[in-house]
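Biologist: Before I rely on any label in this model, I would like to hear the rule behind each one. Could we go through them in turn?

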Amino acid sequence: MGGRNSFKGVISFGLCAVLIVGSIYGGDFFGIATGFLFDKLCNNKEINAALSTNSGFVGNNKTYSISGYGGGGYANAVSNTPTDIETLKKQAQAQYKNYKKSGDIQEQQMGATSKTIVYGSIEVDNKTSETISVKNLLSETPSYKTITKDKPCVLIYHTHSTEGYEMLDLGWYSNQYVSRTADKSKNMIRVGDELTKTLEAAGYKVIHDRNIYDTSYNGAYSRSRVSVEKYLEKYPEIQITLDVHRDAIHYESGTKLKPTATVNGKKAAQVMIISGCEGDGVENFGSWEENLVFALDLQNTAEETAPGLMRPIFFCNRKYNMDVTPCSLLLEFGTDANTLEEAVYSAQLIGESLVKMLDKEVKK
């Protein structure tokens, strides 16, 4: 969900708030304003991004039409680097020979602080005035209609499609490398492709909207919503909508934070679920509690399938198009400091968790 460090006077990418580090707090960092800038947590406005042609992106006013199904394109992601990503890594190695270090990348498995609600393996950062019982909500079943494998039940899309990642795991970054890109083999659409592929391999029909909505950040959520509503009209069987992003967490010192977990011996980008709520100016969001039930089920299932993969759920007074169905979430796959390979692996793991959840419904 991030922007770029080319914004004047801003040291964080798009949805990232500048992190001011004073001291260590309860195993996490004191003073962390967790990953949202401007249109996210601060004031819900969007910003115009100056996109660099270094990443292959050329800003324009092109209108993107609604596309159909997406897909991955490789096998055995757990044990090997995907072929397409291996090629990108080799290209990046050649690029980085001429790049200068701009700052460090700090790797950390993010978890609960003293203010986080913890119930078993579930962690929730409640930023609302609502009092929630994780135990009670977890006992509820998500508000699915009939789940079948005959018709599309999942919609995956990307409001901030051009968010991207590092290609190399070096422990440092260079500002000469620009991760934001319209190249769909490198940005959030590639992550969505993997999520789609994993679900489709299990027999579920998925709509993956591979359009780009953030040639300008202004109005990105409105533009993606138009497409989402068209899909829901065309495919009323869709139960779940997932807006797939990545986060960005930067320190005042210039260091970037990279949240990772090791799953089955392979490094994965940690994933954060954002679940919204009415209040503090957010209205007409009657399904927020149903969304939270779905979020808790996904969090719990993912932690059973891939322990350590999930950051605490971010429960906040925001809507972000999550009102379109009772099972709509925004997912953050790592940050701009993670590698594309780590994010793609996480997409496979989340896909496996969703399959596990949906299989329970299909078999009823």
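**Labels and their rules**

Modeller: The protein chain has 6 helices and 16 strands, where helices (H or I, at least four residues) and strands (E, at least two) are DSSP runs, numbered from the N terminus. This is a predicted model, in which local features need pLDDT of at least 70 and side-chain atom pairs count only at pLDDT 80 or more, while totals for chains, interfaces and linings use all residues. Residues are numbered from 1 along each chain as its sequence is written, and side-chain values use heavy atoms, with hydrogens and water left out.

Biologist: Why is tyrosine 96 called buried?

Modeller: Buried means under 20% relative accessible area, exposed means over 50%, and partly exposed lies in between (1.4 Å probe, protein chains only). Tyrosine 96 has 8% relative accessibility and therefore counts as buried, and tyrosine 99, with a relative accessible area of 19%, is buried as well. Across the protein chain, buried residues make up 56% of the 364 residues.

Biologist: What makes tyrosine 96 and tyrosine 99 an aromatic pair, and which geometry does the pair have?

Modeller: Rings of Phe, Tyr and Trp (its six-membered ring) pair if their centres lie within 6.5 Å, and planes under 30 degrees apart count as stacked, over 60 as edge-to-face and the rest as tilted. By this rule the count comes to 6 aromatic pairs. Tyrosine 96 and tyrosine 99 lie 5.0 Å centre to centre with 65 degrees between the planes, and the pair is edge-to-face. Tyr96 and Tyr99 also belong to one aromatic cluster with Trp172 and Tyr177.

Biologist: Why are E5 and E9 placed at the edges of the sheet?

Modeller: The open sheet of 8 strands runs in the order E5-E6-E15-E14-E16-E10-E7-E9, with mixed pairing. Strand E5 (117-119) and E9 each have a single partner strand, so one side of each is left without a neighbour in the sheet. From one strand to the next, the twist averages 25 degrees.

Biologist: How do you know that E7 pairs with E9 and with E10?

Modeller: Two strands pair if DSSP finds at least two bridges between them. E7 and strand E9 (residues 206-208) have 3 bridges in the parallel sense, with isoleucine 207 of E9 as the bridge partner of leucine 155. E7 and strand E10 (residues 240-247) have 4 bridges, also in the parallel sense, and here valine 154 has isoleucine 240 of E10 as its bridge partner.

Biologist: Which way do the side chains of E7 point?

Modeller: In a regular strand the side chains alternate between the two faces of the sheet. In strand E7 (residues 154-157), Val154 and Ile156 point one way and Leu155 and Tyr157 the other way, and all are buried.

Biologist: What makes H3 and H6 a packed pair, and how is their crossing described?

Modeller: Helix H3 (residues 188-201) and helix H6 (residues 340-362) pack with their axes 8 Å apart at an angle of about 30 degrees, where axes are lines fitted to C-alpha atoms, for helices over the stretch in contact, and angles run from 0 to 180 degrees between N-to-C directions. The crossing is right-handed; a crossing is left-handed if the near helix is turned anticlockwise from the far one by less than a right angle, and right-handed if clockwise. Contact means heavy atoms within 4.5 Å, and among the residues that meet are Val191 and Leu195 in H3 and Ala347 and Leu354 in H6.
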